[in-house]
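Biologist: I have not looked at this one before. Can you take me through it?
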Amino acid sequence: VSTLPVLTLIVLSPVLGAVLLALLPREPVVGVRRAAFVFSLVTFALSLVMLARFQAGVADFQLVERASWIRQWGIEFHLGVDGVSLFLVLLTTLLTPLVILASWTDVTKRVKEYYAFLLVLETGMLGTLLALDLFLFYVFWEVMLVPMFFLIGVWGGSRRVYAAIKFVLFTMLGSLPMLVAILYCGWRTKATGGFSFAYERFLTLGLSPQEQLWLFAAFALAFAIKVPLFPLHTWLPDAHVEAPTGGSVILAGVLLKMGTYGFLRFALPFFPLAALEAAPYLVALAVIGVVYGALVATVQPDLKKLVAYSSVSHLGFVMLGLFAFNPIAVGGSLYQMLNHGLSTGALFLLVGMIYERRHTRLIASFGGLWAAVPKFAVFLLIAMLASAGLPGLNGFVGEFLIMLGAFGPWPWATAVASSGVVLGALYLLWMYQRVVFGPLVHEENRHLTDLNAREITVLVPVLGLCFVMGFFPAPFLTRMQPSIDRILARVEARAPASTQIAVNMGEGVAR
Amino acid sequence: MATIDLSPFVAHWEVALPGLIVAGVAMLVMAVDALMRGSERDGLAVIGILGLAAAGVSAIWLWGTDLAGFQNTVRADRYALFVAVLLCASTLLVVLMSVDYLRDQPLPAGEFHALVLLSTSGMIFLAAANDLIVLFLALEIMSVAAYVLAGLFRHEIRSTEAALKYFLLGAFATGFLLYGIAFFYGASGSTRLDQIALAVARDGVTTWTLLGMAFLLVGFGFKVALVPFHAWAPDVYEGAPTAVTAFMAVGVKAAAFAALARVFSAALGGIAASWTGILWVLAVLTMTVGNVIAVRQRSVKRMLAYSSIAHAGYALIGLVAATRDGGAALLFYLAVYSFMTLGAFGVVMALGRRGEPNENLDDWAGVGFRHPALGLSMAVFMLSLAGIPPTAGFAGKFYLFSAAIDAGYVSLAVIGALNSLVSVYYYLGVLVPMYMADGTRRIEAPSSRPYLLATILVTVAATLAIGILPGAPMELARSAFASLR
């Protein structure tokens, strides 16, 4: 049992589930739903095995599996997990069964296809997080696109086709230059012993500053679109609003993190000089995103759009933390990625649940829901507060760490970004006030049914984790930190003297 | 006693075996057709398939022998044999998928099979030709049969127009080709590629070789539909019967490409610096124009026509690189392109019926869910054509772009990548009505078409298999290109 290739199984079990699902009869629908749920639970169970085997305090990749795939190009099927990817994998394997459960009554047409695409998407996401060969990474990166295209385009709202195509084109606009950059790096490996696309080989290419700048630009474009970094975010509101609830949850919960994960895993350690050079610009964009996203979210009449723009704001924070290049801020960023996955995921789930009942998402058509659907109101309260970063909930820990770490290198940017926290509280509380408090003005809302047992089952793990991560960050941070330090050490080693000071200062705060 | 000694001429006649088998089978089909009655025509397909399989086997049997026959004018090097096997396979699939098509459409089965086989034998010789005259003869055998095939719907004006247009422009292109051959003969005193290579090595770049090269390029440019010599392709592809379109888009293009790459690599490889620049421009033009115009098409056949132009542009990247990997990537891409394009045309055929071609995208609304197998297959082909992993199309582009970067053409890889972005738009545009629109009028479920479905399944399997495990076919392509001399 100890030789079980657990990572391969984690990555491939969802797609296997999708194939089995395709072979099942279309009726009864509930059988299809149950099967999909069971398949996703298998993957979740496997990821728990991974967590159990994961050794805290080890910086390097663990549970590594490596096999030759395309020998001629030196391409390997190479998977491994470290502190950076560990919890993102768990987030993915947790959210997928919950999304399947959440779509139980939401998705009623072409149920089989819906769940099959969801499972294929899960394979894409897990592969992207675990791949340690850049070819393999790119394959999974692109594989994520196709099921999401269909999820938005087939099961989405009225402008679904536009949103789906926009999503794909934006993502590919970034990923195709990245492909060329990967090929270029692959070509460069020939000089240092054998054609290869292995992660560790890309770390030691000895690229000139000029080369680094171009390659970083190519990688950064792909990841910045995915994050999304202002002003490349315009696909996000469309995709979120049109996507079915499950799609939105996955999109916000996991897909956006692929961008920030990509920066941390690939763009920073591969091209440290260029990353340091580009940092001021990226930080500026990130901060603009924080404030802009929050402001635009404030004025949204549509709940889903509000949550979508709040993502732009929150992910801006994550970017700010990443480009502070110190363990505290980067740790906070990684923590905030998980937080955002949970709290925004929960918000999208709740919006979906109320939409299913009321068939509208306009804030103006609600009000006074506390009286009609108290359970819903409580869950929304927790999710909202988690997203706003109330102490005791997870969002606080992440935002606090990011600001603590980023203040040293980027005092002004951090000061401006901190206004995003205030604005965040503003738009979320105001939204809550208009939806839940006040008199029940709309007659239709009086007869809404409250959350049922299935929906509560979906929400409890997500919001429970918000509390756990808010009160006990240590078990998470201790597993993340060694791997983060390792990546930062690599950036630091290449940093020119001036930035060295900033990095050291960050270190000083950390100790 | 003056006996003519034929032995040097017929020595190693077996180098021509694959082409001869196919040509022989074409004759056989014609003879059998005369003896058969209308309802038994499926037997012709069986003969054709067996013949093509035999030709393919003979090519595999010759693999590695590296023989040259007919005074070194026809070669059975691995390059020729790789292409021969590819052509046999693709024509075999065309014949297989035409069985159902011919039952449904008002086409003469005997003529169809005979001409397809004849054209294929020309293609096989085209890829094997080590002499410009043989190359010219092979090209004509291939083309003349293809002209007739394009006009096989005799009573349809679009089909006859296609045939006439194809014929006129084809003849024009052939003129250019001959002119180019004449210049080469003048410059080097021979039409054999190895002799030309020697002359080029001796004299370097001269006005005559440059002129010859230019004319040759124009001639080949027409045949493989490079921009700006592409204008005939959309009309011809749209007007011809779909089975013929598939055959032209795959076989004719692959064979002409193989000959083009052989001439430029084997005969003119020594002066690569003098032609990579112009090919660079042609590659960029071809993929960009093809992709951009394809965006606007609503007819699937026409879209596939422009897409096939664009793919010629991608393939040309391999030749621009002018390295071993570049040539191998080109061969590999021809194979990849053949399978995915054949499959896509197969789906077009499967959704049409006599008098109701259903070639417009608007007709395809909701088809994806109503015919899950066809829909899924089309999705695979479109994703592969767009170059999205894990399909063969991605592996092909990966190899091409990698070769370009290897040879120092990073910009060409970037342009190719951006072109892929444009192509994503229209390839996904096919999936949009199929899966995301509710049709007002339904396409009736095609009546039982086992052969067509089998062909589609084979091409899907090939597209996915090459995408996931590209190693082995790539190694073959590499070894094939390395055999060029």
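Biologist: Is helix α11 of chain B buried or exposed?
Modeller: This is a predicted model, and in it 25 of the 26 residues of α11(B) are buried, so the helix is largely enclosed by the rest of the structure.

Biologist: What length should α11 of chain B have, and what does it have?
Modeller: The helix covers residues 242-267, and at 1.5 Å a residue its 26 residues should span 38 Å. The C-alpha atoms at its ends are 36 Å apart, which agrees.

Biologist: Where does α11(B) bend?
Modeller: At B:M248, by about 30°.

Biologist: Switching to charges. How many salt bridges are there over all chains?
Modeller: A search of the whole structure gives 29.

Biologist: Show me one in chain A. What does A:R159 pair with?
Modeller: A:R159 pairs with A:D238, and their closest N and O atoms are 3.4 Å apart. The two come from distant parts of the chain, 79 residues apart. A:R159 is in the loop between α6 (145-155) and α7 (160-189) of chain A, while A:D238 is in helix α10, residues 235-242.

Biologist: And are those two buried or exposed?
Modeller: A:R159 has 41% relative accessibility, so it counts as partly exposed. A:D238 has 12%, so it counts as buried; the cut-off for buried is under 20%.

Biologist: Now chain B. Which residue does B:K165 meet in a salt bridge?
Modeller: B:D235, with 2.5 Å from N to O. This pair also links distant parts of its chain: B:D235 is in helix α10 (residues 232-239) and B:K165 in helix α7 (residues 157-188), 70 residues apart.

Biologist: How accessible are they?
Modeller: B:D235 is partly exposed at 26% relative accessible area, and B:K165 is partly exposed at 27%.

Biologist: What about B:R298?
Modeller: B:R298 forms a salt bridge with B:D362, the closest N and O atoms being 2.7 Å apart. Both residues sit in loops, 64 residues apart: B:R298 between α12 (272-295) and α13 (300-321) of chain B, and B:D362 between α14 (324-351) and α15 (367-370). B:R298 has a relative accessible area of 43%, so it is partly exposed.

Biologist: Which residues are joined into one network by shared partners?
Modeller: B:R158, B:E161, B:K165, B:D235, B:E238 and B:R302 are joined by salt bridges that share partners.

Biologist: New topic. Where is B:V15?
Modeller: B:V15 is in the loop between α1 (7-10) and α2 (17-35) of chain B. Its relative accessible area is 4%, so it is buried.

Biologist: What is B:V15 in contact with?
Modeller: Setting aside neighbours within four places in sequence, B:V15 is in contact with B:L62, B:L67, B:A68, B:G69, B:F70, B:V74 and B:A76.

Biologist: How far is B:V15 from B:V460?
Modeller: Their C-alpha atoms are separated by 32 Å, and the two residues are 445 residues apart along the chain.

Biologist: Last thing, the surface. Which residues form a nonpolar patch there?
Modeller: B:I4, B:L6, B:F9, B:V10, B:W13 and B:L20 form one, with about 630 Å² of accessible area together. Of these, B:L20 is found in helix α2 of chain B and counts as partly exposed, at 41% relative accessibility.

How values were computed:
Residues numbered from 1 in each chain as written. Chains lettered and ligands numbered in written order. Predicted model: local features only at pLDDT ≥ 70, side-chain atom pairs only at ≥ 80, totals over all residues. Heavy atoms only, no water. Helix = DSSP H or I, 4+ residues; strand = E, 2+ residues; numbered from the N terminus. Expected span 1.5 Å × (residues − 1). Bend = angle between axes of the 7 residues up to and from the residue. Buried < 20%, exposed > 50% of the residue type's maximum accessible area, 1.4 Å probe, protein only. Salt bridge = Lys/Arg side-chain N within 4 Å of Asp/Glu carboxyl O. Contact = heavy atoms within 4.5 Å. Patch = residues over 30% accessible without salt bridge, like charges linked within 9 Å, V, L, I, M, F, W, Y side chains within 5 Å. Areas by Shrake-Rupley, 256 points an atom, 1.4 Å probe, with all protein chains shown as cover.
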